[in-house]
Amino acid sequence: MKTLNNHNNPTSATPSSRSPTSLSKQQHQNLLEKPQLSEDDPNFPFAVFGAICYSVLLVGVFYYVLSLVRVNGGDNIKIPKSLEELKFLNEAMKELKDNHYLLLVAFYSACYILKQTFCLPGSIWLNLWGGSLFGLVRGFFLVSLLSTLGASSCFLISKILGRQLIEKLFPTHLHKLQNYIKTKQTSLWMYLLFLRLVPFAPNSILNFTMPIMDIPFFYFWTSCLLGLAPINFIGVQAGTTLSEISSLDDILTWKIIFKLLSIVSIGFFFTALQKYLMKKKENLKNKVEKKKKKKKKKSTLR
């Protein structure tokens, strides 16, 4: 009977089954206080070994897929680092797209995840390429999925390998940041979403540092998926007209800038709205507690 009540209780739902903004204060606290992997943990060597094997496997898969692409007519293929290289690559891939579409998707996915995992610059070129290869709808969904998967790979590797290094090099700074994150609590997810919508820092830096600051993976994954969607959409949309682009200045038109500013303003609005509602809820809670205390005092006097 006890297990049945717990099952029917909506507050007992797991965090992954609910929106981050709908979690209770206690659930936020539980996520933030989840024990972190340390060198004293008996599973730590296995985690390090797994992270290294995963990294090696990821690089191996990329070069294997690259070799298949070259065998099937994609000579001189490499990850694009400029607009000229991207246009050349796009032309070279036309035959592969017609005859080996799934191989092309595999190669593009391997490129994207590799770049995101190891914080390599140049994601903008892959966003443009995705729009040119797969069109607006398919390209956007594929880029959104791959950017989140690649960022998650970087998060998990950094959590295992990078955390120990930063703790040894900058222990005081790390503890200050961790304490600051704990003060955010229920507004933490909106804060992370805001960082993605308004890119004050490069996404590669955010992917690497967030696990070190004890950001829960659930918060990271959802804020990454939603927060990167606007910039991914703009990049993919621009890629559908790749032949008309002569420089990056052609992408940042006034229309695109207006869209970005609109997205940023929406982020500001929801962040401010959440703070206002939380403050209002806290004030209401304090009023109710004061009324209860007054009633108790009156009852004791009688």
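**Helical architecture and nonpolar cores of the predicted model**

Helix 6 is mostly covered, with 13 of its 17 residues buried (buried means under 20% relative accessible area, exposed over 50% and partly exposed in between, with a 1.4 Å probe and protein chains only). The structure is a predicted model, in which local features need pLDDT of at least 70 and side-chain atom pairs count only at pLDDT 80 or more, while totals for chains, interfaces and linings use all residues. Residues are numbered from 1 along each chain as its sequence is written, and side-chain values use heavy atoms, with hydrogens and water left out.

The protein has 13 helices and 0 strands; helices (H or I, at least four residues) and strands (E, at least two) are DSSP runs numbered from the N terminus. Buried residues make up 40% of the 302 residues. Contacts are defined by heavy atoms within 4.5 Å. Of the contacts with a separation of 6 or more, 76% join residues 24 or more positions apart. The protein exposes about 18400 Å², of which carbon and sulfur atoms supply 65%; accessible areas come from the Shrake-Rupley method with a 1.4 Å probe, and for residues only the protein chains shown count as cover.

Confidence was examined next. The mean pLDDT (the predictor's confidence in each residue, from 0 to 100) is 78, and 79% of residues reach 70 or more. Among the elements, helix 6 has the highest mean pLDDT (91), whereas helix 1 (residues 2-8) has the lowest (44). Over residues 1-17 pLDDT stays under 50, and the model has 11 contacts beyond four places in sequence for this segment.

Helix 6 reaches 24 Å from its first C-alpha to its last, close to the 24 Å expected at 1.5 Å a residue; the expected span is 1.5 Å times one less than the number of residues. Helix 6 is followed by Cys119, which is found in the loop between helix 6 (101-117) and helix 7 (123-169). Phi of Cys119 is near 55°, a positive value in a residue other than glycine. Cys119 is partly exposed, with a relative accessible area of 28%. A positive phi, near 65°, is also found at Asp214, in the loop between helix 10 (203-209) and helix 11 (217-227). Asp214 is buried, at a relative accessible area of 13%. Most residues other than glycine have a negative phi.

The largest nonpolar core has 34 residues, of which Phe62, Val69, Met93, Phe107, Tyr108 and Trp129 touch the most other members. The elements giving two or more residues to this core are helix 3 (44-71), helix 4 (83-92), helix 6, helix 7 and helix 12 (229-239). Another core, of 21 residues, lies apart from it and includes Leu195, Leu206, Met213 and Leu228. A nonpolar core is a set of buried Ala, Val, Leu, Ile, Met, Phe, Trp, Tyr and Cys residues joined through side-chain atoms within 4.5 Å. Leaving aside neighbours within four places in sequence, Phe62 is in contact with Ile79, Phe107, Ala110, Cys111 and Leu114.

A further loop residue, Ser187, is found between helix 8 (171-184) and helix 9 (188-197). Ser187 counts as buried at 16% relative accessibility. Not counting residues up to four places away in sequence, Ser187 touches Gln274 and Met278. Ser187 and Lys275 are 88 residues apart in sequence and 7.4 Å apart in space, C-alpha to C-alpha.
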